[in-house]
Amino acid sequence: MAFDGITVSSIVKELNDTIVGGKINKIAQPEADELMITVKNNRTVYRLLISASASLPLIYLTENNKPGPMTAPNFCMLLRKHIGSARILSVTQPGHERILIFDLEHLNELGDLCRKKLIVEIMGKHSNIIFCQEDLTIIDSIKHISANMSSVREVLPGRTWFIPQTQEKENPLTISEDKFYQFVCCKPMPAAKAIYTSLTGFSPLMAEEICTRAGIDGGFSINALEETARIHLYHTFRRMTEDIIEGSFTPNIVYCGDEPLEFAAFPLTQYQEQRCEFFSSISSVLETYYAMKNRITRIRQKSADLRRIVNTALERNVKKYELQKKQQKDTEKKEKYRVYGELLNTYGYGLEPGAKSLEALNYYTNEMITIPLDTRLTAAENAKKYFERYSKLKRTEEALNELLIETKADIEHLESVSTALDIALDEADLVQVKEELIEYGYIRRKGPAGKKQKITSHPFHYLSSDGFDIYVGKNNYQNEELSFKFASGGDWWFHSKGQPGSHVIVKTNGKELPDSTFEEAARLAAYYSKGRQSPKVEIDYTRKKNLRKPNGSKPGFVVYYTNYSMVAVPDIHGIKEAKDF
């Protein structure tokens, strides 16, 4: 994730191709540190989102509108007064910095032609949107920075705007070959670090990318490189800067599974193992990447309490299961006590009073054994005591066998709930999971007794490459619904073998399924399972008519005795998702 100078260069190229020459039609300020500017150009309406948020500064073109408040903030009113109908002359990036300068032309109150500059600084917590005169005198800014807040630069009306030089860096677009060797290659630090600490607008990600393309380990000290390696590194770097100057960008997002991992304006060869999706514009990349990141972050935050409850209950049940298994192992000695009792009844008639033990032949194994005795008891009383121990351990074993089955079922149920939380995409999906936890006593219901929350979540719906409908349950309730109410007897059912996961139903409509649909359904079952991070997952599949649900079992639990198996890769890229259920 690198909103660096290269990304800004790509945005500048896109803006020059779209909104330059256009006329500002509307200015809104949806948030305290955000602008939405609507531009009309060549009979097309563009919306430019500019955010100076300290946590997530952004600038990109979007089709989604964000309306402003009923009463516009002062900064928004100022911009409307001066440049509410201005023409955009150019968008530039000074010195490959994370800065965009919009040169604007407008008419003042007297009808004279005037020029202004809107400067956008994408610099993390120091991000700002600054409105200036043509001579860079600040008119106002979305954030006021006084001397008390920054010793480097004041951003206040009347001050002159300038780029603060806080680091000794060279412009990568103008640096000469000799200067590159002297300024970058002589530093006693890793090659990637030497690049991003020496050159403006290069992030650690893109510095590592240059090293990868040059066949150099980014962690290897750059001043220890051989001369041929340095020359190759420079020419690799120069090819990238030439693409920046020419505007030859290839916006893309690299995914880990379905989760966006990184974005960049150039292909990231360092992630050859990961799936990469290319886009027509950097704006599409930024909007898609941050929307997906925000959705994943938001759902993880909302599910945090549920995860904590599930994990706590799961840990408690796992400990209980281990203790029960240990207790069960202790009951294995019960047969020894039964044999002791039988041998005492057989051979104990000649036992002397006060004897500490009895040597006897075990007629089950034809071996001599020593039976410990309580000296205060007779042989018959010792035999009775051993039979009582045997009976007690036998009853304990029978009870533990039932408890082990119950505890194992609870563990499997909680693991399936944990998998459902991993699958959940929005708050509606969490509601159904929470209802399940309430039903089984893990959460106490709040509010009016017996009142359930409204369920709006539905299973995933995919279309196979051959046109067959495939449905995937997001949680145990949906799995139950799909397998025993929605599916017909001839439909096919898929599930990961021996681990929690979604029930996958393929509607056949009386037709035979082609091999490609079997393979796609298995991939979906593998992806929506606990083994989604594994390279391969074993999948069981059978006809729906072969499924059985034991009485009293938890939702989503099934048994089957006739099935086929196959191995699938948990990758659903290329399987078309339908939007309706």
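Ile19, Ile24, Ile37, Val39, Leu48, Ile88, Phe102, Leu104 and Leu118 line the largest cavity of this predicted model. Local features here need pLDDT of at least 70, side-chain atom pairs count only at pLDDT 80 or more, and totals for chains, interfaces and linings use all residues. Residues are numbered from 1 along each chain as its sequence is written, and side-chain values use heavy atoms, with hydrogens and water left out.

**The cavity**

- A search of the whole structure turns up one cavity of 30 Å³ or more; a cavity is a set of points on a 1 Å grid over the protein atoms alone where a 1.4 Å probe fits but cannot get out, and its lining residues have an atom within 4 Å of a point.
- The largest cavity has a volume of about 50 Å³, volume being the space filled by probe spheres set on the points, which are joined across faces, edges and corners.
- β2 (34–41) and β6 (99–107) each give at least two residues to this lining; strands are DSSP runs of E, at least two residues, numbered from the N terminus.
- The lining divides into nine nonpolar residues, no polar and no charged; Val, Leu, Ile and Phe are among those that count as nonpolar, Asp, Glu, Lys and Arg count as charged, and Gly is among the polar ones.

**The cysteines**

- The structure holds zero disulfides (pairs of cysteine sulfur atoms within 2.5 Å).
- Cys186 is in no disulfide, and its nearest cysteine sulfur, that of Cys185, is 6.8 Å away.
- Cys186 is partly exposed, at 45% relative accessible area (partly exposed lies between buried, under 20%, and exposed, over 50%, with a 1.4 Å probe and protein chains only).
- Cys276 is also partly exposed, at 30%, and its sulfur is 13 Å from the closest cysteine sulfur, in Cys256, too far for a bond.

Terms used. 1 Å grid on protein atoms, 1.4 Å probe; cavity = no way out; pocket = protein on both sides within 12 Å on 5 of 7 lines; lining within 4 Å. Helix = DSSP H or I, 4+ residues; strand = E, 2+ residues; numbered from the N terminus.
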